[in-house]
Amino acid sequence: MNAGRADARIGFIAFNTFREAVRDRVLYNLIAFALLMSGAAILVGEISIDIERLVVVNLGLTAVSIFGVVIAIFIGIGLVSKEIDKRTLYTVLSRPVRRWEFVVGKFFGLTGTLVVNTLFMAIGVLLALLYTAHKFEKMDEWVLVALYFIVLQFFIVCALALFFSSFSTPLMSAVFTFALFIIGSLAEDLRGFARMSHGVGGMLATAIGYLVPNFSALNVISQVAHGDPVAGRLILYNTLYAVFYSAMVIAGAVLIFQHRNLK
Amino acid sequence: MSARRRVNIVAAALLLFSMTGAMAMLYAIDGLGRSAVTQEALYINSPKVLRRLSLGYTGLLADIYWTRAVQYFGTQHHKGSSDFRLLAPLLEVTTELDPRLLPAYQFGANFLAPKPPSGAGMPGSALALMKFGIEHNPDEWRLYYNLGFLYYTELKDYARAADAFALGARIPDTNPFMPILAARMAQHAGEFDTARMLWFTTYQSTKDTSIRENAVEHLQALKVDEDVTQLEELVAKYRQQRGHLPASMSDLERAGFIHGIPTDPKGHAYKLMPDGRIEVQDPQDIYFITKGLPPGESSPQPRPAQNKDTKPISR
Amino acid sequence: MARPHGTPVDHFPFTFVIAAAGPFPSSTHNIAYNSFGDPCRSLGVNIGFKRTTMSAIEILDLEKSYQVGFWRKREKVALRPLRLTIQEGEVFGFLGPNGAGKTTTLKLLMGLVFPTGGSARILGMEMDDPRVKSQIGFLPEQPYFYDHLTARELLNYYGQLSGVAAKLRTARVEDMLERVGLMESANVQLRKFSKGMLQRVGLAQAILHDPKLVFLDEPMSGLDPMGRREVRDLIQQLRHEGKTVFFSTHILSDAEALCDRVGVIHQGELRGVGAVVELTSQAQGKIEIIFCAQAVPAGLTQLGAEARVSGDMVNAVLPEKQQDAALEVLRRERLKLISLTPVRKSLEEYYIQNMRPMEGPKEENRKGVGV
């Protein structure tokens, strides 16, 4: 029997993940919340004279980032562990679906959900920007770059959530992922600490500084809020970094999941 | 089993490959020289706002900013840049978040005021930082010391320096040099002993390697200045007695003015110039000296390029 | 499904498989190999397959133990080495109380957990061969599916995953909905489904892609009598379609009613395998004869019969090996034989007897393995 192709199955799993997520009402609530935040941004902009744009961009992009991360963790951790808990995975894996296809499909479904979600939130931010400035300026294109970087962050967060979810309980996965998000946001400082310390501790700190996800370089919110440009090479490096890092984490998740007994 | 093993091998290979790729990208991003974290200081330059944003986790955030300040200074210094614009805001944020973070004040006193490239060249910010520190830690002799040190080294305002040392000397467990420094400011401010005591106190009162290194360099420079002054005095004395300049250091030794050929802290013999001046062998080798230089040459500043250590500032 | 049943044909050197190799075998095809099931069921003895038939499942010393405990790891045996062969077209019942190792066995076969030792072949292929999966269906115990999908969407999703071609899929999904009686609720999201309805969805997804072999884990649990009846009927239908059905249950009557053979498992160990009739008669070795007489003939008593007279009939129970002698006695006495039946334990008796902690060598308990 021809069991179909791996990429087709990954696509089906991704689409199903996306559909499940979209039909989960929590997602809508969070989008509504993000829109509300953008509304608040406008209000704050009204109050703080002269820095409306600054406040709108700062608040809007921060909201996009935080909501996205929360959604990524919220759905991501449930992806594998929930399917094991509820035994939906049993029927899926009794199909001609290999375990790695399941993990990869889940990842794409999740990132797809987040990209669509970010798209909506981004429209909210841009509308708020338009509302305060009445027109788009040249420097607003850097806001799009910042949004792109935020999406790259989501890729990494999704991969991490999936990774932890592949061997841990949902609660612990959430804790681990969130902790890594915080640490990763301070990764550059961690490498700073590492450079200041010596010996084994310094080496360990350097290793950790390079291994934890590096979210700080992906955060250019304040930069673009001030209308400063983002270097082209940074865009390239960040893109490649996000791709490599997600691939690394997903490969790790596959390796673990390959050996997991689904009790 | 083989299908499963194949997946394992591919996944492991992908893991290693992408890990290498990610590390390389991270290295490249760091190499862009735009440190995201210090850039932040450009935008969030109100320490009070940041304090509110910290949601109460001021201690941790202060530590982070303190690291950023040190890293920033070290990186700029290492690059040979004279742009230290962010040092003042970073230290201000650090101390605003944790006003009791004493090393930050000391770092500020040593590196905020001196002219680039050995410092940020912002004595005003340095003074403001010290005053802020004293306001929040009135019982710390080190802060008075740092204030006096600033007045003495950068502003040459010995009266104010004396006041600061005197205030610090009243604190119970103060450093024994404090009252002495206070006393010497009035009459002996320009003397080598005073300066030496000051830098020695600086050396003693910190564990920060960069501050200590800085102090050692100043102490060495003081030694050179003192040696050169003394040697030039001896040359003048020789001339007075013999009616002509000594032709070499050996002449001075034979005349019984010196014992052995004197060397500078780096181990090089001092040179006796034909006009009777004393010069160091290599003026670029010793930082901060004011004497023993060829005519018209200014006092060299520490250049990172000459540092054997590749680490920006520490060690 | 562009090439339905394509690759594995090489592994199936039997004509009947090729006859059934259409995308979805029609019932006429299936009747052709129905005869495999029947003889084994109707005869109370181990007939053995005279033709070289295909084993649907060959389990060879499959075993599983888990490490339990956080610090001091202990080994918990979930399944002792299991050796079991199930023929094509057979309905096999895996019988045992909860926690006996039934689900572990199924999970091992599905590749959900990995064995500590041993191997298994499914439809002639190694059990972890990816090609196996497109020919088997699996219904887990108390199935649960994606909350926000409708029954139709779910079945379509599983059809996609199984590689059922888009053209066939829609029709097939509708077929299944009809078959399990969910047409009415096809567009209702599954979170609104009752347990019984989920069970039906589960059954539908297990047979959706027309597998040769269906694994059902406790398919009747949690169902009302109506639902149980329907599941029984469905299994019967599968039998008639020539599918091999491997189902686990802790309910004896289900096994008795449906299975060609049963395996009894307890505490991770297979305690006996055989046709239901065989299992229930083998241990007794006695026959019961009923004949018309006013008193017990002396000849019978000598043969060791325990007899009772009730009215003008005698009921006597004696060792099976005395059967001919006893009949000879009756003939001599010119007594009219009414019936002669082997004395059977009920499956329940057998079950209870085998649920006791094990004693004796293992070989004895493997009696009946390998039909």
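Me: What distance separates the centres of domain 1 and domain 2 of chain C?

Reply: The model is a predicted one. In it, chain C is divided into domain 1, residues 36–279, and domain 2, residues 285–342. Taken over C-alpha atoms, the centres of domain 1 of chain C and domain 2 of chain C are separated by 45 Å.

Me: Which element of chain B gives the most residues to the side that touches chain A?

Reply: The contact joins 32 residues of chain B to 33 residues of chain A. On the side of chain B, the elements giving two or more residues are α1 (2–31), α2 (36–43) and α4 (58–79) of chain B. With 16 residues, the element that gives the most is α1(B).

Me: How many nonpolar, polar and charged residues does the side of chain B that touches chain A have?

Reply: The side of chain B in question consists of 32 residues. Divided by class, these are 19 nonpolar, eight polar and five charged.

Me: Are α5(A) and α6(A) roughly parallel or antiparallel to each other?

Reply: Helix α5 of chain A spans residues 99–133 and helix α6 of chain A spans residues 140–165, and their axes lie 9 Å apart. The two pack at an angle of about 150 degrees. Angles over 145 degrees count as roughly antiparallel. The relation of α5(A) to α6(A) is therefore roughly antiparallel.

Me: How many residues of the contact of α5(A) with α6(A) are nonpolar, polar and charged?

Reply: α5(A) passes α6(A) in a right-handed crossing. The residues making the contact include F107(A), L110(A) and L114(A) of α5(A), and I150(A), F154(A) and F155(A) of α6(A). By class, the contact of α5(A) with α6(A) divides into 15 nonpolar, two polar and two charged residues.

Me: Are α11(B) and α12(B) roughly parallel or antiparallel to each other?

Reply: Helix α11 (residues 192–204) and helix α12 (residues 209–242) of chain B have axes 9 Å apart. Their packing angle is about 165 degrees, and an angle over 145 degrees counts as roughly antiparallel. α11(B) and α12(B) are therefore roughly antiparallel.

Me: In which hand of crossing, left or right, does α11(B) pass α12(B)?

Reply: Among the residues that make the contact are W199(B) and F200(B) of α11(B), with L219(B) and L222(B) of α12(B). By class, this contact of α11(B) with α12(B) has ten nonpolar, two polar and four charged residues. The crossing in which α11(B) passes α12(B) is left-handed.

Note on methods:
Residues numbered from 1 in each chain as written. Chains lettered and ligands numbered in written order. Predicted model: local features only at pLDDT ≥ 70, side-chain atom pairs only at ≥ 80, totals over all residues. Axes fitted to C-alpha atoms, helices over the stretch in contact; angles between N-to-C directions. Helix = DSSP H or I, 4+ residues; strand = E, 2+ residues; numbered from the N terminus. Parallel < 35°, antiparallel > 145°, perpendicular 65-115°, else oblique. Left-handed = near helix turned anticlockwise from the far one by under 90°. Contact = placed C-beta atoms within 7 Å. Nonpolar A, V, L, I, M, F, W, Y, C, P; charged D, E, K, R; others polar. Domains from an automatic or database assignment.
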